[in-house]
Each structure stands twice: as C-alpha cells, then as structure tokens.
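Here is a short report on one protein model. Look over the sequence and the structure before reading on.

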Amino acid sequence: ARTAAVIPAAGRGVRLGPGAPKALRALNGTPMLIHAVRAMAASRAVSLVVVVAPPDGAAEVKSLLDAHALPERTDFLVVPGGESRQESVRLGLEALPPGHDIVLVHDAARPLVPVDTVDAVIEAVRDGAPAVVPALPLADTVKEVEPTAEPGTPEPVVATPERARLRAVQTPQGFDRAILVRAHETVTGEVTDDASMVERLGAPVVVVPGHEEAFKVTRPLDLVLAEAVLARRRL
Ligand code: CTP
Ligand code: MG
C-alpha cells in the first residue's frame, strides 16, 4: 500500500513569539517545514507529501519546496490551511489523490523526527492497526486541576493519574486512510490530535515507541534544542 504524508504547517506559532509563521522559521538556515518534509520523504514508503500552508502563504511554500530537492520517488502538493489544526488536516486530506491507502499526519513543528520512527508507524499500520501513534513515557508527574479564571491564582488539584500509564504523544500518526477520512467527516468538537478522533469512532488506536528528537518546537527554548540536535547530527 502506498503511503502519503499530510503536513499541517498553517499555524502562526503564537507561543514561539513574533516573526514569520512557525513552519517558515529557519533552523540552522533551513525552514522548519523543509526539515519536516525531508523527514517524511526519508521513508522509502512515502510517495506523496501534502503540505498544508499558511492560508496566505501557499505560493511561498510552493517555491520553497521547488527550491529544496526531495528524493525522486517523492511528489508534493501544497494546499492552503484553515483556522484550526483540525481544519488544516481536513483540507490536506481533501486534496489527497486516490491510490494512497495509508496516511501519515505529521506536524511541521516536529522537524527532526528520525526516519526509523516514521517507518515504525507505517509498519504498524501495514500490520493491521487502523491508527498508530508514536509516544514516549513522561518524565514529569501530571496533575489534573480545576482551572481558575484568573491566570496566576492557585488551581485546586483534582487527580494525579498514574504516571507509568501515561504517554506523551508525537507525530507522525499513521492511519488507514478510509478511517481517518471518516473521522474527519464525522467527529465534531475540539481535539488536539488526529488519533483522538479515531478513538471517538470507536476504532482501536495503538502506541509505538516515539523518539526524543520528535519533540514539538513550541516555545523559544525549543529552537535552541532543535539547532543543537542538528549540530550534533553533523558530527
Ligand atoms: N497548524 C495548522 N493549522 C492551524 C494551526 C496549526 O496547520 N490553523 C499546524 C501547525 O503549523 C503545526 C501543527 O499544526 O505544524 C501543530 O500545532 P502547534 O504546534 O500548536 O503550532 P501553532 O498552532 O502554529 O503554534 P501556537 O499554538 O503556538 O500558535
Ligand atoms: Mg496551536
């Protein structure tokens, strides 16, 4: 089965601070989005990459991709994104041509995911799992709180889930295409990842080992870490 990767890259990157849209910010001189596209194209199974660009930045993203060589086996498409990540992924799925039965959804904000992680996700979908997410155990203990209206005021703790049973979820998440499309057509309400939409359909979702280098570039310190990882790779 052929695999396509949808890369939501339409976010502003508010938590990263002022500047260009997050996916277009440079890491060691190359836009984050290009690193993310290369990370998907590094898998021999991936024959198409659909980039979901900032709504007013599709032309710029198209010329960026034209300027950075991908493997010959990899095609790409660029479509404009939406207001939410969820909407951006849906727009990417709608642009997918027939013939790709496995779909990866990968955040442009996770530019450094190793190819072994990508391949492990694809492999688990090929082995029959309709939805596969890479994830890592947590270092921090997690508390559920009752959020207060005033930022900075103490929040009452409601519960402490057993840390050993928790996983921090990354991307690429891999799916049987038909199930992911159905999830995006039918599930309403806010979600923070694609697998949770498939969970709401009642379909099984499994976790495979993620990777430290698949962390999401969210805040300014993450840029420092990402550039350090790139520098270490060049050793
Ligand atoms: N994303 C998207 N369309 C949106 C919002 C987010 O395609 N309307 C993408 C981002 O570009 C990113 C991924 O979803 O690759 C994960 O989202 P996040 O890390 O939250 O990025 P931003 O939403 O851009 O950042 P912030 O929440 O800090 O504004
Ligand atoms: Mg966001």
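## A loop with a cis bond

This is a predicted model. Start at Pro172, which sits in the loop between strand S10 (167–169) and strand S11 (173–176). The peptide bond leading from Thr171 to Pro172 is cis. Its omega is near 10 degrees. Most peptide bonds are trans.

## A loop with a positive phi

Now find Asn28. Its loop lies between strand S2 (26–27) and strand S3 (30–31). Phi of Asn28 is near 45 degrees, a positive value in a residue other than glycine. Most residues other than glycine have a negative phi.

## The overall fold

Step back to the whole protein. Its secondary structure comes to seven helices and twelve strands. The radius of gyration is 18 Å, close to the 18 Å that the globule rule gives for 235 residues, so the protein is as compact as a globular protein of that length. Along the principal axes, the C-alpha trace spans about 55 × 40 × 35 Å.

Of the 235 residues, 40% count as buried. Take the contacts with a separation of 6 or more: residues 24 or more positions apart account for 73% of them.

## The nonpolar core

The largest nonpolar core has 59 residues. Which of them touch the most other members? They are Ile7, Leu33, Met40 and Val51. Helix H1 (residues 32–41) gives the most to this core, with eight residues.

Met40 is then in contact with Ala5, Ile7, Val46, Val49, Leu104, His106, Val118 and Pro172.

## Val50 in strand S4

Val50 belongs to strand S4 (residues 46–53). Val50 is buried, because 26 other C-beta atoms lie within 10 Å. Beyond four places in sequence, Val50 touches Ala4, Val6, Ile7, Leu77, Val79, Gly92, Ala95 and Leu96.

Arg182 is 132 residues from Val50 along the chain. Their C-alpha atoms are separated by 19 Å.

## Around the ligand

How many residues are around ligand 1? There are 22. Pro8, Gly11, Val14, Arg15 and Ser88 come nearest. By class, this shell has eight nonpolar, seven polar and seven charged residues.

Definitions and conventions: Residues numbered from 1 in each chain as written. Chains lettered and ligands numbered in written order. Predicted model: local features only at pLDDT ≥ 70, side-chain atom pairs only at ≥ 80, totals over all residues. Helix = DSSP H or I, 4+ residues; strand = E, 2+ residues; numbered from the N terminus. Rg over C-alpha atoms; globule rule 2.2 N^0.38 Å. Buried ≥ 20, exposed ≤ 12 C-beta atoms within 10 Å, placed from the backbone. Contact = placed C-beta atoms within 7 Å. Core = buried A, V, L, I, M, F, W, Y, C linked by C-beta atoms within 7 Å. Near = placed C-beta within 6 Å. Nonpolar A, V, L, I, M, F, W, Y, C, P; charged D, E, K, R; others polar.
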